[in-house]
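This briefing is meant to be read beside the sequence and the model, and its points are grouped by topic. Please keep the structure in view while going through them.

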Protein chains: 2
Amino acid sequence: MESVSSTIHHHIATALRPATNPFPKIRARQQLPVDPHPNPDPQKMNRATRLAESLSNLLHLHTETHAQKIVRQSNWNFHFDDEDGHNTPAMSPKENISDKWREIHGCCDWHSLLDPLHPWLRKEIVKYGEFAQATYDAFDFDSFSEFCGSCRYSPNRLFDKLGLTKHGYTVSNYIYAMSHVDVPQWLERSRLGETWSKDSNWMGFVAVSDEEESRRIGRRDIVVAWRGTVAPSEWYEDMQRKLEPIGHGEAKVEHGFLSLYTTKSDATRYNKSSASEQVMEEVKKLVEMYKGRGEEVSLTITGHSLGGALALLNAYEAAASIPGLPISVVSFGAPRVGNIAFRDEIYQMGVKTLRVVLKQDVVPRMPGIVFNESLQMFDDFTGTLEWVYTHVGAELKLDAQSSPYLKRKNIDLLGFHMLETYLHLVDGFLSSTSTFRSNPRRDFALVNKSCDMLVDELRIPHCWYQIENKGLVRNAHGRWVKPKRDPEDIPSPTTMEEAHTLICKGGEGKS
Amino acid sequence: MESVSSTIHHHIATALRPATNPFPKIRARQQLPVDPHPNPDPQKMNRATRLAESLSNLLHLHTETHAQKIVRQSNWNFHFDDEDGHNTPAMSPKENISDKWREIHGCCDWHSLLDPLHPWLRKEIVKYGEFAQATYDAFDFDSFSEFCGSCRYSPNRLFDKLGLTKHGYTVSNYIYAMSHVDVPQWLERSRLGETWSKDSNWMGFVAVSDEEESRRIGRRDIVVAWRGTVAPSEWYEDMQRKLEPIGHGEAKVEHGFLSLYTTKSDATRYNKSSASEQVMEEVKKLVEMYKGRGEEVSLTITGHSLGGALALLNAYEAAASIPGLPISVVSFGAPRVGNIAFRDEIYQMGVKTLRVVLKQDVVPRMPGIVFNESLQMFDDFTGTLEWVYTHVGAELKLDAQSSPYLKRKNIDLLGFHMLETYLHLVDGFLSSTSTFRSNPRRDFALVNKSCDMLVDELRIPHCWYQIENKGLVRNAHGRWVKPKRDPEDIPSPTTMEEAHTLICKGGEGKS
């Protein structure tokens with residue numbers, strides 16, 4: 001543990017040290033204690049405390065909780081030493097893996113690559129995970145925006161805006177999905193009357209590796225990243241309802257997932273074709289193009305949570321319609337999707353599935369588990385569903401306890417389900433029997449983007465991923481207004497045919 | 001009401017219209033309905049709903065509440081017409097009021113200026129209120145910052161950073177206060193070991209009108225703005241405890257307020273002198289300087305909530321020590337401070353006090369009222385205190401019901417106490433018998449900076465005043481870190497003597 005401890009120490013130093021220490025005289029050296037005074041679980045704080053906090057937030061007049069007082073009274077001092085930060089690159093080395101790409105893509109079910117985790121595979125898993133994370137980071141959740149439910153950026157700016165150009169991929173198209181009427185309310189909708197779409201949500205993208213990355217990884221890699229969309233608490237109601245046939249055999253999958261994947265309507269602007277049709281059209285086009293050039297081509301489908309379920313449906317369909325294409329799925333915290341026959345068909349078609357699962361995350365155990373809102377905990381609600389729905393593929397099992405960056409107790413249950421938590425743990429995973437690796441590459445601060453998982457000593461605020469003034473800006477007259485979206489980032493129909501239809505009809509609002 | 005309705009309509013149009021309407025075909029004209037579907041009071045949502053919302057926030061996976069669904073299903077369309085916004089200046093005209101300055105400053109107790117409210121006086125009240133608001137807007141609340149409890153900007157940049165240069169004042173010095181040990185935890189403290197100060201908080205500033213503004217208002221105006229500091233829920237415990245003598249007569253004031261105003265300690269860096277001594281030294285210096293130049297000089301002291309209480313103590317002391325100086329207090333939502341003898345002495349010394357009070361705000365009724373955390377409501381806790389503590393001066397009474405911009409029901413109780421709500425209502429106040437004025441000047445969006453008071457149709461997010469990514473920025477190595485504060489904005493001791501002492505002693509940390 002010594003090396004891990006000093007590594008963290010080192011990272012804290014690099015990340016946090018001010019260039020000039022304003023308090024040179026009172027600087028002290030002290031080793032990093034591991035979470036002696038964690039914050040209380042917000043869900044377990046009593047009502048009065050929570051109320052007091054909300055009051056003080058409202059007033060800009062902050063009170064101090066008991067736990068905060070304990071923290072304050074303890075004497076934490078940090079030693080900040082590494083001024084230039086050369087030892088904490090945010091990127092790991094990019095080895096040429098072209099001669100091993102089939103193994104890393106799962107042709108042998110990742111045999112002997114998972115435990116211990118091969119560093120080349122780790123890097124690939126993180127890459128796909130960051131594509132899945134992009135679908136959250138770029139999504140417009142603002143219900144007062146006329147673009148609520150869309151991607152905030154156009155396809156050609158997405159990776160630029162999110163700092164993901166390092167992976168060497170280019171977005172080729174977006175995928176939209178609509179919710180069928182008999183499915184629970186799974187989509188985001190604007191409160192406004194005039195919106196970019198009343199029915200559809202941005203659900204992900206298709207991207208393709210560029211020349212340089214293709215040389216490094218040994219083939220032209222098409223990636224599909226699917227966005228997750230709803231709180232797990234809403235799923236079970238639908239998931240316990242029904243399995244629905246898929247394909248021509250005994251395979252069945254969960255009705256809600258399939259509905260989201262296949263629903264379309266001529267009355268919409270973005271789902272005249274379904275998510276299924278959109279993604280398959282784009283993938284087929286790319287496969288034909290690059291195969292036509294004589295290139296090796298692979299398809300990798302990724303997603304977190306519900307997005308992982310959609311990834312599996314997408315892989316099933318792609319395998320059925322593009323024989324011979326190497327297809328793998330890398331899913332994070334995904335629930336079960338179908339029955340045993342579905343799993344068997346997936347196997348038989350040669351789809352390779354790597355399921356990254358966190359021991360403390362309950363979602364991969366759904367269906368079969370319910371989030372009990374009134375008790376604020378997860379419960380098994382039936383033992384029988386375990387036998388109906390089944391998981392598919394190889395598993396990389398993570399344990400939150402392995403990371404010394406994460407709080408040891410009183411952690412928000414849902415923090416274990418966050419994709420950034422997964423990516424942090426993949427980054428530090430060496431093997432099921434060893435401790436966190438001593439030279440993790442990803443920025444630990446990312447873990448706290450939308451939760452409160454990091455130990456306080458790291459000084460990273462919880463839920464820090466937020467837009468300045470919730471997007472309001474001062475206009476020329478000194479007033480705070482919602483700025484218009486950059487015209488380039490305004491969603492437009494996916495095909496020229498649709499654009500033409502729209503122009504002729506005068507917009508979806510009339511339909 | 002027709003004119004008010006069309007005015008709001010007009011303002012919405014100006015503030016919100018995108019320069020190019022992306023949906024020209026589906027634009028519709030519709031009058032603004034007045035809040036037909038308000039959001040539910042967050043405090044009244046049932047537990048399951050609140051939990052679901054917190055879950056979905058955590059997951060970036062948003063669910064929809066019942067009320068949101070109703071809002072969405074109703075067909076709100078806005079007509080955005082005024083493209084240039086020339087009709088919605090954020091600033092009102094600046095009349096020359098030099099020949100009326102004594103009346104506006106309260107020499108005749110604002111007789112015949114309050115109801116109806118004289119427009120010149122309205123503008124002056126808003127000006128002082130914006131100075132008080134600046135003490136909140138610039139305060140560092142971040143408990144992971146080593147500068148927690150300080151002002152985020154140096155005195156010479158404060159107004160620039162907050163967009164307050166329009167008032168024509170210059171900050172001359174900052175005021176710091178420390179909390180006495182037997183007073184409840186009223187101050188913000190950093191969780192870190194190395195901090196700018198372990199004992200003190202920034203409590204406000206002294207500023208002075210520049211040449212141009214002095215000509216307009218007929219005298220050199222020294223303003224002191226005091227910051228409020230704690231949630232009202234914490235006050236009563238202290239406030240019911242004891243009154244303490246002030247001055248040489250029968251006058252008594254609340255112990256906690258007086259303690260905050262007068263406490264000092266040699267062991268601190270910023271409170272070797274008390275807030276009282278700091279402010280009086282600065283004010284005396286300025287009065288002497290400008291009187292020495294033969295100028296007319298006035299002192300105006302302002303503050304909101306607890307800051308209003310400190311303003312009154314400050315006025316009492318200033319009147320006692322600088323005879324003949326015209327002194328007035330403009331307070332917003334301030335609690336009672338002292339007994340009847342205190343009020344009488346204030347009168348006799350010629351201090352003029354204008355108390356701006358919102359009918360729905362309970363804080364001005366404190367002491368005598370308690371915030372009951374377990375019941376989430378305010379209660380009278382004793383009738384007797386009404387007779388012990390008493391208010392001082394003239395009153396401008398506002399009514400939240402007067403503003404068509406504010407929600408009619410289900411409003412957060414504490415939203416009524418926010419200073420921005422006060423300033424909005426002053427801006428629209430004509431008289432106690434007339435409706436909201438049809439040409440209000442202040443930006444209504446400001447109301448929602450830290451609460452949820454505006455009707456949904458205005459499309460202003462609630463609690464929108466927030467820093468991008470909670471202050472984290474990506475460093476050159478791609479890591480998210482707390483940036484160092486600009487050296488110019490790092491707090492430094494208030495006098496050269498103190499700076500010298502600090503250098504000789506090696507910092508307060510040793511004491």
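Over all chains of this predicted model, the count of aromatic pairs comes to 32. Five aromatic residues of chain A, namely A:Tyr128, A:Phe131, A:Phe159, A:Tyr169 and A:Phe205, are linked into a cluster by ring pairs.

**Charges over aromatic rings**
- In chain B, B:Arg227 lies over the face of B:Phe139, at a distance of 3.6 Å from the ring centre.

**Helix α12 of chain B**
- Helix α12 of chain B spans residues 340–348, and B:Phe342, B:Glu345 and B:Ile346 are buried within it.
- Viewed down the axis of α12(B), these buried residues fall within an arc of 100°, and they therefore line one face of the helix.
- After α12(B) comes B:Gly350, a residue whose phi is positive, near 90°.

**The setting of A:Leu121**
- Helix α5 of chain A, made up of residues 119–137, contains A:Leu121.
- A:Leu121 has a relative accessible area of 2%, and because this is under the 20% cut-off, the residue counts as buried.
- When neighbours within four places in sequence are left aside, A:Leu121 is in contact with A:Ile104, A:Trp110, A:Leu113 and A:Leu114.
- A separation of 13 Å lies between the C-alpha atoms of A:Leu121 and A:Ala394, although the two residues are 273 residues apart along the chain.

**Chain A as a whole**
- Chain A holds 15 helices and 13 strands, and of its 511 residues 61% count as buried.
- If one takes the contacts in chain A between residues at least 6 apart in sequence, 74% of them join residues that are at least 24 apart.

Definitions and conventions:
Residues are numbered from 1 along each chain as its sequence is written. Chains are lettered from A and ligands numbered from 1 in the order in which they are written. This is a predicted model: local features need pLDDT of at least 70, side-chain atom pairs count only at pLDDT 80 or more; totals for chains, interfaces and linings use all residues. Side-chain values use heavy atoms; hydrogens and water are left out. Helices (H or I, at least four residues) and strands (E, at least two) are DSSP runs, numbered from the N terminus. Buried means under 20% relative accessible area, exposed over 50%, partly exposed in between (1.4 Å probe, protein chains only). Contact means heavy atoms within 4.5 Å. The arc is that of the directions from the helix axis to the C-beta atoms. Rings of Phe, Tyr and Trp (its six-membered ring) pair if their centres lie within 6.5 Å; planes under 30 degrees apart count as stacked, over 60 as edge-to-face and the rest as tilted. A charge sits over a ring if NZ of Lys or CZ of Arg is within 6 Å of the ring centre and within 35 degrees of the ring normal.
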